[in-house]
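Please read the points below with the sequence and the model side by side. They are meant for a colleague who has not looked at this structure before.

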Amino acid sequence: MEENKETVSSSPMLVKTYGDIYFNTQDTEQAVRFFEELGIFPLLRYCKKCGSSMRKTNDKSRKDKKKWVCTSMTACGHVNTLRSGTWLEKAKLSFEQIAKIMFCWSHKLPQQFAVNESGASARTMVDWYNFCRDICEVVLMNQEYKKIGGEGKIVEIDESKFGKRKYNKGKKVEGQWVFGGVERDSDKIFLASVPNRTKETLMGVLEEYVDGIKDLYNTYFFEYMWRRQFARDNNDAFNKLAEHIVLYAKDLEEMTPTQG
Ligand SMILES: [Zn+2]
């Protein structure tokens, strides 16, 4: 992947529609330029053997129709494929297929649609869609998170357990629990891997990442859970409240507000 550090790409065109993908991959020449703009392929390369600059030349005999050749005068002769040293090194699909699949996944199109459009097999598509999800995981687990939430903000909490990853390049352990929160109406999130799911562990994570969680937990947690169980659609919230007051009257005696 060393070559990727040398990538200097102009800012790529914003891909908005499927037509943009068609336009940018209509032939190999265009597709290579597209991938260079996206930073997937480097614009410059230096020879691994002698350090001289390399030149991209046409080679019809190759699948990708181009290759990199060392320009050294000492007849170094080193040759690279377009894909070598990039994340596409081992990919078998054409640039057009790859771009189409990336578009389909990023726009939440069904795998079957991507199969029809790209001509790749359903099994291949499962791998590529999983690969895209793995990218999300790698990105998110390598980020640093700040506190989210705070006054007037709603934080939704969820958890997940890692399975065995096919493209495991990160440092996640198999079977690791991950705990996450999303601040509603914003793009703020946090993720934290935890050793277990005990109340203490989860509260520890919440206190670290969610602003004002202690108060929230005490004040609203039970209200939230009660509403989830008894008054999800709100229609009978009043009746449920009344019913529960009556049912637990003895326990509530000392808690009844007396100011007024
Ligand atoms: Zn060379």
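1. The buried residues of helix α3 pack against α1 (18-24), α2 (28-37), α4 (111-118) and α5 (122-141), where contact means that two C-beta atoms, placed from the backbone, lie within 7 Å. Helices here are DSSP runs of H or I with at least four residues, strands are runs of E with at least two, and both are numbered from the N terminus. The model is a predicted one, in which local features need pLDDT of at least 70 and side-chain atom pairs count only at pLDDT 80 or more, while totals for chains, interfaces and linings use all residues. Residues are numbered from 1 along each chain as its sequence is written.

2. Because 9 of its 12 residues are buried, α3 is largely enclosed by the rest of the structure. A residue is called buried if 20 or more other C-beta atoms, placed from the backbone, lie within 10 Å of its own, exposed if 12 or fewer do, and partly exposed in between. The buried residues of α3 are F95, E96, Q97, I98, A99, K100, I101, F103 and C104.

3. The length of α3 (residues 95-106) agrees with expectation, since at 1.5 Å a residue its 12 residues should span 16 Å and its end C-alpha atoms are 16 Å apart; the expected span is 1.5 Å times one less than the number of residues. Just after this helix, K108 takes a positive phi of about 55 degrees.

4. R45 lies in the loop between α2 and β1 (54-58), and R45 is buried, with 23 other C-beta atoms within 10 Å. From C-alpha to C-alpha, R45 and C70 are 8.9 Å apart in space, although 25 residues apart in sequence.

5. An open sheet of 3 strands runs in the order β1-β2-β3 with antiparallel pairing, two strands being paired if DSSP finds at least two bridges between them. Its edge strands are β1 and β3 (79-81), each of which pairs on one side only. Strand β2 (residues 66-70) pairs with β3 in the antiparallel sense over 3 bridges, and V69 stands opposite V79 in β3.

6. Strands β6 (residues 177-183) and β7 (residues 189-194) pair in the antiparallel sense over 6 bridges, with V178 opposite S193 in β7. The hairpin of β6 and β7 has 5 residues between the strands, and in this hairpin D185 takes a positive phi near 65 degrees.
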